[in-house]
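User: I'd like to go through this model with you before I set anything up. Can you take my questions one at a time?

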Amino acid sequence: MDDEHAGPETPAPGADDRLLAPLGDLIRTEDAPPAVAVELAKQSFGLRQVDTELAALVADSAVDAVGTVVRAGERAIVPRLLTFEFGGPTETGEPEAVEVEVSRSRRYRRLLGQLQPPGAARIEVRQPEVDAVRQVDADDQGRFVVEAVGAGLMRLTWRRPGRNAITTAWVRLD
C-alpha cells in the first residue's frame, strides 16, 4: 500500500494541549462541580479501606409510603423508616442490616436504630456538611439513638469487634 492511501496522520502525543487548555479553563470556571459533590468525592476515600463493606438501601418509607399514609392519614407526620442490608457472610447466614427510624424535631432529625443481628457496636454518623464524625454505641441488643442530626446527606458505619466495618449508602434526610 502506498503512503497516499494510508489515511490521516496521527498527531504526536500532547500536540493538541495548546488548543485544549483554554477549553479546559472555560469548563472549570463556568461549569464547576457543586461543592457538595466535591465533598462527597473526598469523603468517599474513607470507603477505600479493605475491611469496609457497603450496605445497600433496601427499603425506604419515603419511596414506598402507601402503607404509612393509609394507617396515619395524609396529614399525619410519620417517621421515615430506612433499612440497609449487607449480604456478606455472617455466623448465622443472615444478612447484616440496620433499621433506622428518622423522626423530625424542628430543624434536626433523630435516628432510632436497630442492628441485625443484635449485638453491641460502635455507630458513626457522617454528613458532608459537618466536619466531625458523630459516634454512639449500640447496646448489647443492637439498639442506638442519635440526636440532633442535621437535614441533608448522611451515612452510617457500624463496627463490631472481630468483624469488618459496614457502611451504608448515602441517603438524604429531608
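Predicted model: local features only at pLDDT ≥ 70, side-chain atom pairs only at ≥ 80, totals over all residues.

User: Backbone first, then. Which peptide bond is cis?

Analyst: The bond from Gln-116 to Pro-117 is cis, with omega near -5 degrees, and Pro-117 sits in the loop that links β4 (108-116) with β5 (121-126).

User: And which residues other than glycine have a positive phi?

Analyst: Arg-106 has a phi near 60 degrees, and Ala-148 has a phi of about 55 degrees. Most residues other than glycine have a negative phi.

User: Where are those two, and are they buried or exposed?

Analyst: Arg-106 belongs to the loop between β3 (96-105) and β4, and it counts as exposed because its relative accessibility is 81%, where over 50% is needed. Ala-148 is placed in strand β7 (residues 143-150), and with a relative accessibility of 42% it counts as partly exposed.

User: Switching to the core: how many residues are in the largest nonpolar one, and which have the most contacts inside it?

Analyst: The largest nonpolar core has 22 residues, and Leu-111 and Phe-144 are those with the most contacts inside it. Two or more residues of this core come from each of β2 (80-86), β3, β4, β5, β7, β8 (152-159) and β10 (171-173).

User: What does Leu-111 touch?

Analyst: Leaving aside residues up to four places away in sequence, Leu-111 touches a set of residues that includes Val-100, Val-102, Val-125, Phe-144, Val-146, Met-154, Leu-156 and Leu-173, and Glu-101 is also among them.

User: Now charges. What's going on with Arg-109?

Analyst: Arg-109, which is in strand β4, is buried yet has no salt bridge, and the nearest side chain of opposite charge, that of Asp-174, is 6.7 Å away.

User: Which backbone oxygens does its side chain reach, then?

Analyst: A polar atom of the Arg-109 side chain lies 2.8 Å from the backbone oxygen of Asp-174, and a polar atom of that side chain lies 3.3 Å from the backbone oxygen of Arg-107. Not counting residues up to four places away in sequence, the residues that Arg-109 touches include Ser-103, Glu-147, Ala-148, Leu-173 and Asp-174.

User: How many salt bridges does the structure hold?

Analyst: There are eight salt bridges. One of them pairs Arg-163 with Glu-96, with the closest N and O atoms 3.0 Å apart. Arg-163 lies in the loop between β8 and β9 (165-168) while Glu-96 lies in strand β3, so this pair ties together parts that are 67 residues apart in sequence.

User: How accessible are those two partners?

Analyst: Glu-96 counts as buried at 5% relative accessibility, whereas Arg-163 counts as partly exposed at 28%.

User: What about Glu-124, which salt bridges does it form?

Analyst: Glu-124 meets Arg-126 in a salt bridge at 2.9 Å, N to O, and Arg-159 also forms a salt bridge with Glu-124, the closest N and O atoms being 3.1 Å apart. Because Arg-159 lies in strand β8 and Glu-124 in strand β5, the second pair ties together parts that are 35 residues apart in sequence. Glu-124 counts as buried at 7% relative accessibility, while Arg-126 is partly exposed at 21% and Arg-159 is partly exposed at 30%.

User: Last one: which residues are joined into a network by salt bridges that share partners?

Analyst: Glu-96, Arg-160 and Arg-163 are joined into one network in that way.

Conventions:
Residues numbered from 1 in each chain as written. Heavy atoms only, no water. Helix = DSSP H or I, 4+ residues; strand = E, 2+ residues; numbered from the N terminus. Buried < 20%, exposed > 50% of the residue type's maximum accessible area, 1.4 Å probe, protein only. Core = buried A, V, L, I, M, F, W, Y, C linked by side-chain atoms within 4.5 Å. Contact = heavy atoms within 4.5 Å. Lys, Arg positive; Asp, Glu negative; His and termini not counted. Salt bridge = Lys/Arg side-chain N within 4 Å of Asp/Glu carboxyl O. Polar contact = N/O pair within 3.5 Å; in protein donor to acceptor, adjacent residues only side chain to side chain.
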